[in-house]
Amino acid sequence: MDAAADEVSEHAKNKIGKYIGMDCEMVGVGLDGDQSVLARVSLVNFHGHTIMDKYVQAQETITDYRTFVSGITPELLKNAVPFKQVQQEVADLIKDRIVVGHALKNDFNALLLTHPQRLIRDTVTYKPFRALARGRSPALRKLAKELLGLDIQSGEHSSIEDARVAMLLYRKERVKWESMLHRKGAIKEQVQ
């Protein structure tokens, strides 16, 4: 009987569910490589299991792989998936789900997607996390160290790791976070 219970919990852990953690890695295009385009997108579920991890073909010539930060190399993009295909897959997966991440505005911009604000949980905009950074945007590395005791991003970034860390931060604060959003929504309704 215990084996069956383990199978169920393992199956449940691998389901997509209501929450999706997302992170993207970008490369540079343009003359100086200062314009960002999508090169990798990673999605994880509530339990941190990978739902998607794909390298993406740039629609323009890459002039800066930003490997020291992005971890992206020409080799990794040899069998990359076309942008439009990845964009549609991500759109389908996140539809009607809560997306959790760090600085999600950048990820949505790179994907050329929008998502309802009510379904976004961004660790950059969460007030208790911003308080740790004295009102500024907190670094994911700092939040991971201070709140989870994890060392991340010591070199190249991993979009899987960053998505998992953002989800762990959300899970740690979920009850308080959702309560704050609920109260804010109730206040908006009263004002209208």
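A residue counts as buried under 20% relative accessible area, as exposed over 50%, and as partly exposed in between. Keep in mind that this is a predicted model.

**Exercise 1.** Work out whether Glu-146 is buried, partly exposed or exposed, and find its salt-bridge partner.

*Solution.* Start with the accessibility: Glu-146 comes in at 45%, so it's partly exposed. Next, look for a partner: the side chain of Glu-146 meets that of Lys-142 in a salt bridge, 3.7 Å from N to O. Lys-142, at 33%, is partly exposed too.

**Exercise 2.** Find which parts of the chain the salt bridge between Arg-40 and Asp-53 ties together.

*Solution.* First, the bridge itself: the two side chains, Arg-40 and Asp-53, meet at 2.8 Å, N to O. Now locate the ends: Arg-40 belongs to strand 2 (residues 35-44) and Asp-53 to strand 3 (residues 50-55), so the link joins parts 13 residues apart in sequence. As for accessibility, Arg-40 is buried at 11%, while Asp-53 is partly exposed at 33%.

**Exercise 3.** Describe the surroundings of Ser-159.

*Solution.* Begin with its place, which is helix 7 (residues 159-191). Then check accessibility: at 0%, Ser-159 is buried. Beyond its neighbours within four places in sequence, Ser-159 has contacts that include Arg-40, Ser-42 and Asp-53. Last, zoom in on Ser-42: its side chain makes a polar contact with the side chain of Ser-159, at 2.6 Å.

Notes. Residues are numbered from 1 along each chain as its sequence is written. This is a predicted model: local features need pLDDT of at least 70, side-chain atom pairs count only at pLDDT 80 or more; totals for chains, interfaces and linings use all residues. Side-chain values use heavy atoms; hydrogens and water are left out. Helices (H or I, at least four residues) and strands (E, at least two) are DSSP runs, numbered from the N terminus. Buried means under 20% relative accessible area, exposed over 50%, partly exposed in between (1.4 Å probe, protein chains only). A polar contact is a pair of N or O atoms within 3.5 Å; within protein, one must be able to donate a hydrogen and the other to accept it, and residues adjacent in sequence count only if both atoms are side-chain atoms. Contact means heavy atoms within 4.5 Å. A salt bridge is a side-chain nitrogen of Lys or Arg within 4 Å of a carboxyl oxygen of Asp or Glu.
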